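Hi,

Here is the model I promised to pass on. Have a look at it first, and then read my notes below.

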Amino acid sequence: MSMLGSLSASNLDSPRSRKGLLLSLALGALALVILPMILPGYQISIVTQILIFALLAMSIDVLAGYAGRTSLGHGAIFGLSTYVAIYWSTTMGGHIWVGLLLGIVAATILAAIFAILAIRTSGVYFLLLTLALGMIVWGVCQRWTSVTGGENGMRGAGRPAFLIDHAHFYFAVLLIIIPVTWSLWRLVHSPFGWALRGIRDSESRMRSLGYNVQLHLFIAFVLSGFYAGIAGALYAVFNDFVSPSTVQLSLSVSGLLMAITGGIGTLLGSFVGAAAITSLENIVSIFTERWPSVLGLTFIFIMIFAPEGIVGRVQLLLARKHQQS
Amino acid sequence: MSLNLFQLLNGLTFAALLFIVASGFTLIFGLLRIVNLAHGALYLFGGLVGYSTVKLTGSFLIGALASMAFVAILGVALDKGLLRFVRGAELRQVLLTLGVAFLLNDIALVIWGGDTYTVPVPEALMGAMRVGSVFYPKYRMFVLGLGVFVFIALWLLINHTRLGALIRAGVDDPETTEAMGINIRMVFLGTFMLGASLAGLGGAVGGAFLTLHPGADAEILVFSLAVVIIGGRGSLVGAATGALLVGLLNSIGQVVFPELAYFIIFGPMALILAFRPLGLFGRTA
């Protein structure tokens, strides 16, 4: 199968690379804690955004990198969560925390619907199907003006008072992202995660070994949607505004691009990818309004020259060095 | 009752446009195994080129031909310039065309701005004509006729010409075809140009009754995807069936649930996928 996932070099479980991994993790965590103390407010909110998008990218990576199913519909799952959270806290006048929970629930349900339709397909068909499903959500958000506000979108009720400060909000997001990332890490390194890799590499082999392939894929998709939903709910508090552009294709594409840039099948590479793409977007928009062009060119460039991504490339180099020594 | 006939005609004419666009998509998908997600962008670009040409020359025919030619050249550039680096890697190809779609849309935004355009309809096709018990725009009847014409032309091309035989042979077994001394790459390139030019034609024709605006590419792309997912990869009859289903459901949906019309195409797509994951006329590769 010519999947992206087959490019991943996930040999993280040898003791030596494990040490390297722990070291880079510790450094990364340290940076995440120190950064907000030295950065000005606006930059802190960019780092917050990076964390949220890294979670979206990881949720895509669970399917793309481990189950070999590349989704272009996760922007819609993410965005639905944002819509529900904001709709609940403004139009319905409900409590924001309940709204966030409802958003995550809605995203998980939507993921289950997508999953039922999509798990029977693989490869390009899976991609097309999730793309079409995601775009239907976008179309509904755009046209169902009486509920979604159409093109104008909806403004949120404002962040709770203690989260208004950029640094406070950053740490709140970090406090959520760390355990969520840990649970994702456990997920892909659990027997279930290994079964997904097995399905990615050979569905028929797993089937003859007695695995229920469809059920595994269904659960993987729903879990992935759940994580995308958490990211979407956080984004509702972060952005305090939602419009069809939150569910549109370019968000699914950005999320996937972040996962790919970091390295498909590396999970934590999503942080690197999200940081790279988000920084690029912020730097580019200083000079030009042509971000979509840059996004398109980046995509073309990475597909041609570096489909294994940054972390994937580093892993490959390390593995080669390891073999030589 | 007369309203129903009007809606039926709306559905049929929209289906005809969808067929023109989606047949190009399915040709490229079926033969080259390339899912060209830039197809919607090619449609929009073709439509805008058509608009500017018609404004310049005053001739709708020249405008439509210019769209087709321009988009066919874009297709060649895409295939020869970019896709050749990722041959064989299906997923990388798809994602690459996605990048191209973003790029093309943004370039269109730079050249034409964010305004909404309508390609001027030729004078002979202006006004309404009597169809049964209703008066219906002549132009849309022309689109319906054009859709049928494209279907027949493609069907004859694929089933009754040497080129069609080569294309079919290439679909079934590219290696053997090549071993028989056929330059399969030229056949592939020709098909890519043909498929792309159909997107251009769709843009020029569709731009005269749907509007051309940023985002029109995504709308037509999702409709084309639905058509191909329903009809099955590479099948002309499938594309026609899918286009009819989607076109008619869309126009019924707009009457019954105006706000959720988009949602209506979801129904048949889900049903068909549940029973035939490869579409009505799809075959395994």
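**What I found**

Not counting residues up to four places away in sequence, Leu109(B) touches Arg290(A), Gly114(B) and Pro214(B). Before I go on, please keep in mind that this is a predicted model. Leu109(B) belongs to helix H4 of chain B, which covers residues 90-112, and it is partly exposed, at a relative accessible area of 32%. His213(B) is 104 residues away from Leu109(B) in sequence, yet the C-alpha to C-alpha distance is 9.1 Å.

**Between the chains**

Across the interface of chain A and chain B, the rule finds one salt bridge. Which helices of chain A each supply at least two residues of the side that touches chain B? They are H4 (96-118), H5 (123-143), H6 (145-148), H12 (249-262) and H14 (291-305). The largest share of that side comes from H5(A), with 15 residues.

On the chain A side 43 residues are in contact with 41 residues of chain B. The two chains bury about 4,100 Å² between them, and 78% of that is on carbon and sulfur atoms. Within chain A, the residues that lose the most area to chain B are Tyr125(A), Ile136(A) and Arg143(A), which together make up 17% of what that side buries. The count of residue pairs in polar contact between chain A and chain B is five, with both residues at pLDDT 80 or more.

**Other salt bridges**

Over all chains, the count by this rule comes to seven salt bridges. One of them joins the side chains of Arg207(A) and Glu203(A), at 3.1 Å from N to O. Why are Arg207(A) and Glu203(A) separated by about one helical turn? Because they are four residues apart in helix H9 (residues 203-208) of chain A. Arg207(A) counts as partly exposed, at 45% relative accessibility.

In chain B, Asp79(B) forms a salt bridge with Arg87(B), and their closest N and O atoms are 3.5 Å apart. Asp79(B) is buried, with 0% relative accessibility, while Arg87(B) is partly exposed at 32%. Back in chain A, salt bridges that share partners join Arg69(A), Glu203(A) and Arg207(A) into one network.

**Rings**

A search of the whole structure finds 20 aromatic pairs over all chains. Take Tyr51(B) and Tyr117(B): their ring centres are 4.6 Å apart and their planes are at 50°, so the pair is tilted. This pair links distant parts of the chain, with Tyr51(B) in helix H2 (residues 39-57) of chain B and Tyr117(B) in the loop between H4 and strand S1 (128-131), 66 residues apart. Are these two tyrosines, Tyr51(B) and Tyr117(B), buried or exposed? Both are buried.

Chain A also has an aromatic cluster, formed by Phe53(A), Phe78(A), Phe169(A), Tyr235(A) and Phe238(A). Finally, there are charges over rings. The charged end of Arg197(A) sits over the ring of Trp194(A), 3.8 Å from its centre, and Arg84(B) lies over the face of Phe85(B), at 4.9 Å from the ring centre.

Cheers

Definitions and conventions: Residues numbered from 1 in each chain as written. Chains lettered and ligands numbered in written order. Predicted model: local features only at pLDDT ≥ 70, side-chain atom pairs only at ≥ 80, totals over all residues. Heavy atoms only, no water. Buried < 20%, exposed > 50% of the residue type's maximum accessible area, 1.4 Å probe, protein only. Contact = heavy atoms within 4.5 Å. Phe/Tyr/Trp six-rings, centres within 6.5 Å; stacked < 30°, edge-to-face > 60°. Lys NZ or Arg CZ within 6 Å of the ring centre and 35° of its normal. Buried area = accessible area lost by both parts, 1.4 Å probe. Salt bridge = Lys/Arg side-chain N within 4 Å of Asp/Glu carboxyl O. Polar contact = N/O pair within 3.5 Å; in protein donor to acceptor, adjacent residues only side chain to side chain.
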